[in-house]
Protein chains: 2
Amino acid sequence: MNTDMIKVVKIGGNVIDSEEALRGFCRDFAALKGPKVLVHGGGVMASRFQEHLGVPVQMVEGRRVTDAETIRIVTMVYAGWAGKHIAALLQSFGCNAMSMAGCDASVIKASRRAPKLLSDGCTTVDYGLVGDVTEESVDAAPLSSLLSLGITPVLCAITHDGKGNLLNTNADTIASSVCCALGAQLLYCFEKDGVLLDRDDPGSVVKRLTPESYSRLRSEGKISDGMIPKLDNAFAALDRGALSVRIKNAAALLDENAGTEIFLKKPYEH
Amino acid sequence: MNTDMIKVVKIGGNVIDSEEALRGFCRDFAALKGPKVLVHGGGVMASRFQEHLGVPVQMVEGRRVTDAETIRIVTMVYAGWAGKHIAALLQSFGCNAMSMAGCDASVIKASRRAPKLLSDGCTTVDYGLVGDVTEESVDAAPLSSLLSLGITPVLCAITHDGKGNLLNTNADTIASSVCCALGAQLLYCFEKDGVLLDRDDPGSVVKRLTPESYSRLRSEGKISDGMIPKLDNAFAALDRGALSVRIKNAAALLDENAGTEIFLKKPYEH
């Protein structure tokens with residue numbers, strides 16, 4: 001692996017939610033060579049905190065409906081506790097982290113999602129203060145400047161609209177958009193060992209996935225529902241400028257061959 | 001006023017707590033010429049949120065006793081909601097803000113406060129996860145780098161100890177320490193017009209305060225208790241490298257002559 005390439009690493013809410021897993025991950029992330037960016041979720045923690053506050057959690061097709069009270073809560077959890085806790089841990093392991101939201105140095109300016117027709121074709125949902133991003137939403141210049149100062153950006157999934165409003169945004173999409181804008185390598189890290197053919201068998205990791213094999217496994221019902229948006233994102237990222245994409249266990253961050261590698265072409269065509 | 005000088009502006013929790021006052025302040029701060037740093041509190045909001053969560057607020061000699069749950073709450077409120085809300089507002093007014101805590105780029109590394117003997121001389125209090133800072137705690141290099149990139153640091157009162165722990169720190173002390181480290185001008189902004197001789201008469205602003213006049217007014221009981229730590233901080237800042245200190249109303253940020261100017265010597269000695 002070329003250590004001059006920028007790596008964009010995404011970790012999910014389950015890793016953040018375990019103090020032990022998070023500490024181990026931060027130690028490994030700090031040891032990862034070369035320029036890097038961390039993107040983190042925090043949805044599990046946010047939902048629990050919302051319930052604790054008596055604010056109902058409303059998810060539609062996997063996305064959180066975000067009213068004025070919910071944007072406060074997710075901003076507090078993602079950009080406040082999770083972001084600063086990760087930054088302090090990374091500093092303790094010698095990684096000069098800077099935890100940021102999209103409003104900081106305006107690195108990610110999103111557009112508020114218009115009310116959307118659901119997949120049933122007849123229900124329309126207004127997600128509220130939710131932002132959609134593409135690689136054009138990302139300003140790579142401040143991220144590159146920070147990297148050249150030896151500072152590691154740590155991004156959460158809060159963006160802004162440029163008019164003073166914060167927006168709740170999908171962290172996987174932020175990771176892929178940042179990766180495309182920087183022409184970087186993308187590592188999706190979560191609590192499983194990669195794309196599994198059998199969700200109960202960690203040994204069933206698919207080592208390589210091309211659009212053709214993805215399409216075949218999907219039609220055979222062998223890719224779980226939760227994996228589909230992540231894989232769609234992964235292929236789209238490769239299509240739009242990401243150098244490479246790998247999906248792996250957060251605990252295997254430093255093992256370059258762990259997990260599932262996503263290819264646009266069959267490996268032998270490379 | 002020389003616009004090449006860096007200005008460090010501190011706003012208190014009462015300004016942040018009013019959406020209208022905060023928006024007006026952010027508009028004015030964005031219009032302030034020259035390189036600048038904003039330091040904000042958020043204590044009013046944090047106390048209300050703590051009570052809402054059923055976590056008792058314990059203040060001893062004006063400082064918050066901070067256990068593991070409280071550090072989470074103040075980090076969420078200061079670094080999460082307040083910091084990102086201010087950054088998004090500043091961006092909307094054309095100021096390229098970056099909201100940070102002390103762990104970010106390790107700009108402020110504090111030491112955890114040892115259990116302290118109170119002013120009664122017999123009670124000892126352990127403030128918990130509370131950090132103390134001096135100008136040596138501040139790393140001016142990343143702040144200067146950000147300023148030279150045209151980015152305006154927005155600092156909250158959360159610091160770190162370098163061992164992975166976040167610490168709750170006094171925002172006035174952060175402002176004065178950052179100011180000394182940068183050799184900057186310090187503007188303490190709050191909801192009053194300056195140092196008042198009569199707290200109920202906004203016309204009773206002291207225009208200039210020297211150590212001698214401060215000492216005299218204090219012994220005459222004309223300086224209110226809440227003002228004393230702020231003024232002690234102000235004189236200490238001048239002693240340690242701040243270029244100038246002014247205490248004024250947040251609503252009069254752009255009026256260079258508003259409020260109380262703090263001098264180490266009598267004005268005619270300059």
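**Exercise 1. A charged pair in chain B**

Is B:Arg113 buried or exposed? Work out its setting and its partners.

*Solution.* A word on the model before we start. This is a predicted model, in which local features need pLDDT of at least 70 and side-chain atom pairs count only at pLDDT 80 or more, while totals for chains, interfaces and linings use all residues. Residues are numbered from 1 along each chain as its sequence is written, chains are lettered from A and ligands numbered from 1 in the order in which they are written, and side-chain values use heavy atoms, with hydrogens and water left out.

Step 1: B:Arg113 is buried, with a relative accessible area of 9%. Buried means under 20% relative accessible area, exposed over 50%, and partly exposed in between, using a 1.4 Å probe and protein chains only.

Step 2: find its place. B:Arg113 sits in the loop that runs between strand 6 (111-112) and strand 7 (116-117) of chain B. Helices (H or I, at least four residues) and strands (E, at least two) are DSSP runs, numbered from the N terminus.

Step 3: list its neighbours. Not counting residues up to four places away in sequence, B:Arg113 touches B:Arg63, B:Tyr127, B:Val130, B:Gly131 and B:Asp132. Contact here means heavy atoms within 4.5 Å.

Step 4: look at the charges. B:Arg113 and B:Asp132 form a salt bridge, with the closest N and O atoms 2.9 Å apart. B:Asp132 belongs to strand 9 (residues 131-132) of chain B, so the pair ties together parts that are 19 residues apart in sequence. A salt bridge is a side-chain nitrogen of Lys or Arg within 4 Å of a carboxyl oxygen of Asp or Glu.

**Exercise 2. Where the chains meet**

Describe the interface of chain A and chain B, starting with its residues.

*Solution.* Step 1: 37 residues of chain A are in contact with 37 residues of chain B.

Step 1: the two chains bury about 3,100 Å² between them, 72% of it on carbon and sulfur atoms. In chain A, A:Met76, A:Trp81 and A:Lys84 lose the most area to chain B, together 21% of what that side buries. Buried area is the accessible area (1.4 Å probe) that two parts lose on being put together, summed over both.

Step 2: the interface holds two salt bridges. In one salt bridge, B:Asp104 meets A:Lys84 with the closest N and O atoms 2.6 Å apart.

Step 3: helix 4 of chain A gives the most to the side of chain A that touches chain B, with 15 residues.

Step 4: zoom in on A:Phe49, which is in helix 3 of chain A and counts as buried at 13%. Leaving aside neighbours within four places in sequence, A:Phe49 is in contact with residues of both chains, including A:Ile73, A:Met76, B:Phe49 and B:Leu53.

**Exercise 3. Cysteines**

How many disulfides does the whole structure have?

*Solution.* Step 1: a search finds zero disulfides over all chains. A disulfide is a pair of cysteine sulfur atoms within 2.5 Å.

Step 1: check two cysteines. The sulfur of A:Cys179 is 5.7 Å from the closest cysteine sulfur, in A:Cys180, which is too far for a bond. For B:Cys156 the closest cysteine sulfur is in B:Cys103, 7.8 Å away and also too far for a bond.

Step 2: A:Cys179 is buried at 0%, and B:Cys156 is buried at 1%.
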